[in-house]
Amino acid sequence: MKIALYTERLILRSLEPHDWGDYLALSTNSEANQYVAPIKPERLIRQKFEARLLPWLLESGQWLSLIIETLDKEFVGITGFYCQCDVSKRVEVGYIMTPEMQGKGYATESLLAVIDWGNIAYDIHKYVAICAKDNVASNAVLLKCGFALEGHFINHTLHAGKCIDDYQYGLTFT
């Protein structure tokens with residue numbers, strides 16, 4: 001299924017083979033990945049990219065990866081979610097923006113679009129997000145989108161050789 005979502009300033013669309021260059025650049029950008037994940041070798045990034053090109057289904061347990069671009073087709077980042085539990089309709093959201101596009105409200109705008117689409121297309125009951133405690137901007141995005149802080153995980157994630165604290169957020173619909 002091909003997905004295309006439109007907001008006031010953005011297009012969110014399914015990943016396509018021609019997105020490889022932007023995907024690789026974002027996946028190897030140390031500033032963008034500071035709180036996300038360690039940089040992996042290109043061959044592993046390519047495998048992940050190829051897997052995310054496959055048709056996506058909610059119950060697949062795979063990440064839905066949507067390219068975020070401005071209306072004039074400038075690459076912004078990637079957003080999406082994966083289903084943690086299809087019975088309880090709980091999904092984990094995620095997003096990553098290029099450093100040049102951070103601080104412009106695009107993360108908030110794109111996440112709200114993903115949430116609206118998830119509610120309409122799949123009647124999602126709960127959205128969750130894990131965010132590094134020190135990632136102030138991303139924590140603010142989640143709060144702006146209506147998420148509530150539900151937990152604080154101490155020394156939760158090994159990143160850049162040290163354990164960092166994470167926050168867990170949740171947004172529930174009935």
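**A guided look at loops, helices and rings**

Visitor: Where does Asn33 have its place?
Guide: This is a predicted model, by the way. As for Asn33, helices α1 and α2 have a loop between them, and Asn33 sits in the loop between α1 and α2.

Visitor: Is Asn33 buried or exposed?
Guide: Look at the relative accessible area of Asn33, which is 9%. The cut-off for buried is under 20%. With its 9%, Asn33 is therefore buried.

Visitor: Which residues does Asn33 touch, not counting residues up to four places away in sequence?
Guide: We can start with Leu26, Ser27 and Thr28, which are among the residues touched by Asn33. To complete the set, Asn33 also touches Ile39, Ile96 and His159.

Visitor: Now the helices on either side of that loop: are α1 and α2 parallel or oblique?
Guide: Helix α1 covers residues 20-27 and helix α2 covers residues 42-53, and their axes lie 10 Å apart. They pack at an angle of about 130 degrees. That angle makes the arrangement of α1 to α2 oblique.

Visitor: Is the crossing of α1 and α2 left-handed or right-handed?
Guide: Here we are asking about the hand of the crossing. For α1 and α2, the crossing is right-handed.

Visitor: How many residues in the contact of α1 with α2 are charged?
Guide: From α1, the contact brings in Trp20, Tyr23, Leu24 and Ser27, which meet Glu42, Ile45, Arg46, Lys48, Phe49 and Arg52 in α2. In this contact, five residues are nonpolar and one is polar. The number of charged ones is four.

Visitor: What kind of aromatic pair do Trp56 and Tyr122 make?
Guide: The structure holds 12 aromatic pairs. In this one, the ring centres of Trp56 and Tyr122 are 5.8 Å apart and the planes stand at 85 degrees. Planes over 60 degrees apart count as edge-to-face, so the pair of Trp56 and Tyr122 is edge-to-face.

Visitor: How many residues apart are Trp56 and Tyr122?
Guide: Both Trp56 and Tyr122 are buried. Trp56 is in the loop between α2 and β3 (64-70), while Tyr122 is in helix α3. The pair links distant parts of the chain, and the separation is 66 residues.

Visitor: What about Phe81 and Tyr127: what is the angle between the planes?
Guide: Phe81 lies in strand β4 (residues 75-85) and Tyr127 in strand β6 (residues 126-132), 46 residues apart. Both Phe81 and Tyr127 are buried. Their pair is edge-to-face, with 6.4 Å centre to centre and an angle between the planes of 75 degrees.

Visitor: Is Lys73 buried or exposed?
Guide: Lys73 is in the loop between β3 and β4, and it has a positive phi of about 70 degrees although it is not a glycine. Its relative accessible area is 54%. Exposed means over 50%, so Lys73 is exposed.

Visitor: And what is the phi of Asp123?
Guide: Asp123 sits in the loop between α3 and β6. At 57% relative accessibility, Asp123 counts as exposed. Although Asp123 is not a glycine, its phi is positive, at about 50 degrees.

Key:
Residues numbered from 1 in each chain as written. Predicted model: local features only at pLDDT ≥ 70, side-chain atom pairs only at ≥ 80, totals over all residues. Heavy atoms only, no water. Axes fitted to C-alpha atoms, helices over the stretch in contact; angles between N-to-C directions. Helix = DSSP H or I, 4+ residues; strand = E, 2+ residues; numbered from the N terminus. Parallel < 35°, antiparallel > 145°, perpendicular 65-115°, else oblique. Left-handed = near helix turned anticlockwise from the far one by under 90°. Contact = heavy atoms within 4.5 Å. Nonpolar A, V, L, I, M, F, W, Y, C, P; charged D, E, K, R; others polar. Phe/Tyr/Trp six-rings, centres within 6.5 Å; stacked < 30°, edge-to-face > 60°. Buried < 20%, exposed > 50% of the residue type's maximum accessible area, 1.4 Å probe, protein only.
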